[in-house]
Amino acid sequence: MELNSVILTAGSSVGFFKLVNYGIGKLPIPETAQRNAWKWKNISTSFLHSLITGVWSVLCFCMHPQMAEDLIGTYSVFSHALVSVSIGYFIYDFFDMVINQKISHSWELLFHHVVVITCFGISVLTCRYVGFAVVALLVEINSIFLHLRQVLRMASLAKSTFYRVNSMINLGTYVVFRINTLAWMTRWLVLNRDLIPLASYTIGSVGLAIMTAMNIVLFYRLMRSDFMKSSREKEVRSEKEKEK
């Protein structure tokens, strides 16, 4: 794909997710989420991005299995378009947060977006490592349940059975599609060190190190919020029942 095609695809993606966000704002918002309508729209838009790119990334390898054997030079127009669309989403989301949220509250995600845009940008502009970028987007399969979790909490459904089921699926996909994927990508980068230019290797290594650290922290927060908290609540209820 030529530079103009990349710009057109990424630009169209920015416009698409802007329209999605606007459309979500026109739909009914749960009463408990109305006090932070911007966050509700932002998370819902992120959920749709994860749903689209998570499924799309799996289809890329199903439709073009050769890419799994060569993550550096082999790619398809379908997979190249996926990475370009994701760049557009992260550009959109970056500015959405800058405009609507205090930097002190979102600097981690803003930094994450800069790293992703940089790495994905190098990939689509050089037509190299597109397969590697698609592997990275497998993480979005977990993000589907991660964003759904936030939506349910904002809708005051954190104590529902659906929330508990989603929490378990979220934890399972977190380990499989987020932690394991990042570990595999790190291993692949080390094993293929001689095939990757120093600049690309450095950017990739730094990016993966940052992502790994952020995901370990997030995993701990999820465990503490959805599972450790539940255990503590059960202990408190048990103690109260004994006192009675």
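Predicted model: local features only at pLDDT ≥ 70, side-chain atom pairs only at ≥ 80, totals over all residues.
Where is the place of Cys127?

Now the answer. Cys127 sits in the loop between helix 5, residues 103-126, and helix 6, residues 130-136. Is Cys127 buried or exposed? Its relative accessibility is 17%, and buried means under 20%, so Cys127 counts as buried. Its backbone deserves a look too. Most residues other than glycine have a negative phi. Cys127 is not a glycine, yet its phi is positive, about 60 degrees.

The loop between helix 5 and helix 6 also holds Tyr129. Phi of Tyr129 is near 65 degrees, again a positive value in a residue other than glycine. Tyr129 is buried, with a relative accessible area of 12%.

On to helix 7. It covers residues 140-154, which makes 15 residues. How far apart are its end C-alpha atoms? They are 21 Å apart. At 1.5 Å a residue, helix 7 should span 21 Å, so the two values agree.

How many residues of helix 7 are buried? The count is 12 of the 15, so helix 7 is largely enclosed by the rest of the structure. Among the buried residues are Glu140, Asn142, His147, Arg149 and Met154. Ile141, Ile144, Leu146, Leu148, Val151 and Leu152 are buried as well. Just after helix 7 comes Ser156, with a positive phi of about 60 degrees.

Next, the partners of helix 7. Two packed helices are described by the angle between their axes and the distance between the axes.

Take helix 2 as one partner, residues 37-63. Helix 2 and helix 7 pack at about 155 degrees, and their axes are 8 Å apart. Over 145 degrees counts as roughly antiparallel, so helix 2 and helix 7 are roughly antiparallel to each other. Their crossing is left-handed. On the helix 2 side, the contact includes Trp40, Ile43, Phe47, His49, Gly54 and Val58. On the helix 7 side, it includes Glu140, Ile144, His147, Gln150, Val151 and Met154. By class, this contact has 10 nonpolar, 9 polar and 2 charged residues.

Now helix 8, residues 161-191. What is the angle between helix 7 and helix 8? It is about 150 degrees, with the axes 8 Å apart. Helix 7 and helix 8 are therefore roughly antiparallel. This crossing is left-handed. From helix 7, the contact includes Asn142, Phe145, Leu146, Arg149, Leu152 and Arg153. From helix 8, it includes Phe162, Tyr163, Asn166, Ile169, Tyr174, Phe177 and Arg178. The classes here are 10 nonpolar, 5 polar and 3 charged.

Last stop, helix 1, residues 3-26. Lys26 lies in this helix. Exposed means over 50%, and Lys26 has 59% relative accessibility, so Lys26 counts as exposed. Lys26 and Lys41 are 15 residues apart in sequence. In space, C-alpha to C-alpha, Lys26 and Lys41 are 9.8 Å apart.

Asn4 also lies in helix 1. At 58% relative accessibility, Asn4 counts as exposed. How far is the C-alpha atom of Asn4 from that of Lys39? The separation is 33 Å, and the two residues are 35 residues apart along the chain. Lys39 belongs to helix 2 and takes part in the contact with helix 7.

Definitions and conventions:
Residues numbered from 1 in each chain as written. Heavy atoms only, no water. Helix = DSSP H or I, 4+ residues; strand = E, 2+ residues; numbered from the N terminus. Expected span 1.5 Å × (residues − 1). Buried < 20%, exposed > 50% of the residue type's maximum accessible area, 1.4 Å probe, protein only. Axes fitted to C-alpha atoms, helices over the stretch in contact; angles between N-to-C directions. Parallel < 35°, antiparallel > 145°, perpendicular 65-115°, else oblique. Left-handed = near helix turned anticlockwise from the far one by under 90°. Contact = heavy atoms within 4.5 Å. Nonpolar A, V, L, I, M, F, W, Y, C, P; charged D, E, K, R; others polar.
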